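Subject: Structure handover

Hi,

Here is the structure I promised to pass on.

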Amino acid sequence: MPPRYFPDLPFPQERYLPGKTIHPRKQAIPSPYESLLKMDPFAYPWWKHPSFYYGIDLFNQEFWWESHECWESLWIHLENPEKNFLQMLIQMSACCLTKILNRESGTKSLKLLVGQRFQKHHSFPSAHSGGIVVSRVYSQFLDHIEANGPPPIIELIPEENGPQSKPDEGDRL
């Protein structure tokens, strides 16, 4: 079982699978991450924001659509190279989702986009990865998509100016 990075919120009751399950915003009980989507995206540096951490937790439990939603709430406020990095994670989630929905053309095109973003990420020497070993996650992702390997798992490592602990009041901008 992968580590939890934002255990304050429980996981949603079910994964959203477009066309197969009820959209989270139409369910009687709101998804736990709805409160994060309403948080100020500038309350923390993006790599210490609860939406980033909870997005990792969701990704690691195969809540592909939900992790995408958490990260997108931060992505729209970033500039490159960090915007490219989060978009790579968002597209990775979307690709894993299209794979389980058996949407082969979507999976193929998203896999290519993820690969392009991975290459672009490595072209920025100062690109921040939020404590993620990007090459490891990308390799696991390719194995999952191409060879039906296990789903990728994101594990954070402490890094300078990166996520070393859960955000606290001292981290606010």
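Helices and strands here are DSSP runs (H or I over at least four residues for helices, E over at least two for strands), numbered from the N terminus. By that scheme, Asn102 sits in the loop between helix 4 and helix 5.

Before the rest, some housekeeping. This is a predicted model, with pLDDT of at least 70 needed for local features and 80 or more for side-chain atom pairs, while totals for chains, interfaces and linings use all residues. Numbering starts from 1 along each chain as its sequence is written, and side-chain values use heavy atoms, leaving out hydrogens and water.

Asn102 counts as exposed because its relative accessibility is 63%; the bands are buried under 20% relative accessible area, exposed over 50% and partly exposed in between, with a 1.4 Å probe and protein chains only. Asn148 also has a positive phi without being a glycine, at about 55°. You'll find Asn148 in the segment after helix 6, and with 61% relative accessibility it counts as exposed.

There is a cis peptide bond to check too: the one from Asn80 to Pro81, with omega near 10°. Pro81 belongs to the loop between helix 3 and helix 4.

**Salt bridges**

How many salt bridges does the structure hold? Two, taking a salt bridge as a side-chain nitrogen of Lys or Arg within 4 Å of a carboxyl oxygen of Asp or Glu. As background, side chains of opposite charge can pair when their charged atoms come close.

One of them pairs Asp57 with Arg4, with 3.1 Å between the closest N and O atoms. Asp57 is in helix 2 (residues 50–60) and Arg4 in the segment before helix 1, so this pair ties together parts 53 residues apart in sequence. Asp57 is buried, at 1% relative accessibility, whereas Arg4 is partly exposed at 32%.

The side chains of Lys111 and Glu146 form a salt bridge as well, at 2.8 Å from N to O. This pair links distant parts of the chain, 35 residues apart, with Lys111 in helix 5 (residues 104–123) and Glu146 in helix 6 (residues 134–147). Lys111 is partly exposed at 23% relative accessibility, and Glu146 is exposed at 52%.

**Around Phe11**

Phe11 is in the segment before helix 1 (34–37) and is partly exposed, with a relative accessible area of 25%. Setting aside neighbours within four places in sequence, Phe11 contacts Arg4, Pro32, Tyr54, Asp57, Leu58, Gln61 and Phe63, where contact means heavy atoms within 4.5 Å. So both Asp57 and Arg4 from the salt bridge turn up in that list.

Gln61 lies in the loop between helix 2 and helix 3 (64–75) and counts as buried, with 18% relative accessibility. Not counting residues up to four places away in sequence, Gln61 touches Met1, Pro2, Phe11 and Arg15.

**Helix packing**

Helix 2 and helix 3 pack at about 165°, with axes 8 Å apart; axes are lines fitted to C-alpha atoms, for helices over the stretch in contact, and angles run from 0 to 180 degrees between N-to-C directions.

Cheers
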